[in-house]
Amino acid sequence: METLLAVNSIDSGVSVGPSQLGGLGLFVDKDTDGEILRIGRQHIYSIYTCLELSQKLENQTQAPVIRSLLGFYCNGPPNETRILICYMVGFEVLRRLGKLEGFKELQKYLDILLSTEIDNLWQDEEPLLESYYELEPGNSLVNATLLEKQSDEVEELSKYIFETWRVTLQEHEIRQLVAAIRSRTLEVPRKISDDEFSVDITLVPLLDFANHDNSKQNAYFDLDPETDEVVLLAKRPLSGGSEILISYTPVEEMTQMFVTYGFYPRSDGLKVVDVPFWGYYHFDQSEELAQYVFQQRQPTNLQFVLEYADGQLVDLFLNMASNYSFAGLIGTDDVPTVMENASEEQIDAALSALLRVVESFFKERVEHLEKFAKFCDDYEAENGTKNIRQLVQFQLELYNKYLDKMQQLVPQAGSDSLYDLIMIDGDEWVEYRLPPVYNFVTRKLARH
Ligand SMILES: C[S@@+](CC[C@H](N)C(=O)[O-])C[C@H]1O[C@@H](n2cnc3c(N)ncnc32)[C@H](O)[C@@H]1O
């Protein structure tokens, strides 16, 4: 671990070691309260610090590698993470050109990025992801991974690097850098003026060994506005040897977590998941309703709030707050008119009908997913792949929990049990409704 700690080049009072959560984690060496770690701006990598670093490198080496790569790889809509990836790829090219002498910390950090083990869908075989797409074409977040895999941009980048500088950076190495960066970035505040702050996607060496757990979180990071340093602070006194756990995000959307970090958080507490629905893709029976939902600009997803305890999904609610996609089940006028004119009974009847529709949809999903799970297992036995299996397991857990709850409650219009499964505006869990951030993408995959 010495080399890892040297990244920070100070006696930091923390160590990197195996975590019970899997992979590595960050631990306090001795009893600690208050400040755990302090990392200077010169040690962190955001697009701003990388720009400064690359200018310094360019002046020193007269090799405009980064500028050229940015022009090649980042010529689309601005995307902070992509720019950061480009910088790191560029630094690695410079290292292979022998131009990173004197930048020992950066070299060590590149070693970490290239050796981090990440479980995510990038590691899965394309045929499996394609089969999943057939099954769940509406899960745009998952399918984005397939789109990326199908695109030849990594191949082109690797080719460009070789043709321009005669440096070999293999496709799998670029993929490794991309996945490692995505899973290690944190949103770190940056001071703009005395009372204004912005948030940058940032790689913070050493701190980025801290794992995530919202229920056991015992530390958090922040910016010290006086010194511009990133500080890691204990939320309560920590005894020596304990693992530092931070929160990557206060509200965990399960698919986002899985796609970005490669795991489904199962710590105690509430989580959120978006399920693609209303037929943009596959809910053929209700084509008219799907059209209605689309025309009314209502969410095309259904969002569930999930409750976990002892690693198990113990309860779930359909979060219909600010989602009037069910209005089409009452009438096909515009949503405000339908909702204004509808009686409580009509709304309850529509919600209860919605629950039934979801039930039949999930029953069908379970049937297909179980077959797919078998296919994955057979495929895995031959080709070795595992991550998509996690996704299938999670979805089966989710759908089956819903079906169980429907069976137990038999929710009906006019009965309280309806609201044991559905939450609406005013409910205390409503704060967990996230803006639907995906499942809107309608672009087609390359081969479809
Ligand atoms: C910022 S890094 C943390 C260090 C990482 N564990 C390592 O070995 O380098 C984020 C990655 O840690 C892992 N991770 C973090 N929190 C986790 C948790 N609660 N359960 C499982 N894996 C977790 C995931 O692989 C995630 O992509």
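1. The model is predicted.

2. Helices α2 and α4. Helix α4 covers residues 80-96, and its axis comes within 10 Å of the axis of α2, with a crossing angle of roughly 30°. Angles under 35 degrees count as roughly parallel, so α2 is roughly parallel to α4. The crossing of α2 past α4 is left-handed.

3. Helices α3 and α4. The axes of α3 and α4 come within 9 Å of each other, at a crossing angle of roughly 140°. Roughly antiparallel is kept for angles over 145 degrees, and the pair α3 and α4 is therefore oblique. Here the crossing is right-handed.

4. Helices α4 and α5. Helix α5 spans residues 104-115; its axis lies 11 Å from that of α4, and the two pack at about 115°. The range for roughly perpendicular runs from 65 to 115 degrees, so α4 and α5 are described as roughly perpendicular to each other. The crossing of α4 and α5 is left-handed.

5. The ligand site. How many residues surround the ligand, and which are the closest? The shell holds 18 residues, and the closest are G23, L24, S183, N211 and Y261. Strand β2 (24-28), helix α9 and strand β6 (211-212) each contribute at least two residues to the shell. By residue class, the shell around the ligand has seven nonpolar, eight polar and three charged members.

6. Two residues with positive phi. Q62 has a phi near 55°, which is positive although the residue is not glycine. Q62 sits in the loop between α2 (47-61) and α3 (65-73). Is Q62 buried or exposed? Q62 counts as exposed because it has 8 C-beta neighbours inside 10 Å. R166, also not a glycine, has a positive phi of about 55°. The loop that holds R166 runs between α8 (153-165) and α9 (171-184). R166 counts as exposed because it has 9 C-beta neighbours inside 10 Å. A reader checking backbone geometry may wish to look at Q62 and R166.

7. K30. This residue is placed in the loop between β2 and β3 (35-39). K30 is exposed, because 10 other C-beta atoms lie within 10 Å.

8. Q217. The loop between β6 and β7 (219-224) contains Q217. With 18 C-beta neighbours inside 10 Å, Q217 counts as partly exposed; the cut-off for buried is 20 or more. The C-alpha atoms of Q217 and L245 are separated by 4.8 Å, although the two residues are 28 apart along the chain.

9. G262. Which loop holds G262? G262 is in the loop between α10 (254-261) and β10 (269-276). G262 counts as buried because it has 21 C-beta neighbours inside 10 Å. The C-alpha atoms of G262 and N387 are 7.7 Å apart, while the residues are 125 apart along the chain.

10. N323. This residue lies in the loop between β12 (312-319) and α12 (335-341). N323 has 20 other C-beta atoms within 10 Å and is therefore buried; the cut-off is 20 or more. N323 and L51 are 272 residues apart in sequence, and their C-alpha atoms are 43 Å apart in space.

Note on methods
Residues are numbered from 1 along each chain as its sequence is written. This is a predicted model: local features need pLDDT of at least 70, side-chain atom pairs count only at pLDDT 80 or more; totals for chains, interfaces and linings use all residues. Helices (H or I, at least four residues) and strands (E, at least two) are DSSP runs, numbered from the N terminus. A residue is buried if 20 or more other C-beta atoms lie within 10 Å of its own, exposed if 12 or fewer, and partly exposed in between; C-beta atoms are placed from the backbone. A residue is near a molecule or strand if its C-beta atom, placed from the backbone, lies within 6 Å of it. Ala, Val, Leu, Ile, Met, Phe, Trp, Tyr, Cys and Pro count as nonpolar, Asp, Glu, Lys and Arg as charged, and the others, Gly among them, as polar. Axes are lines fitted to C-alpha atoms, for helices over the stretch in contact, and angles run from 0 to 180 degrees between N-to-C directions. A crossing is left-handed if the near helix is turned anticlockwise from the far one by less than a right angle, and right-handed if clockwise.
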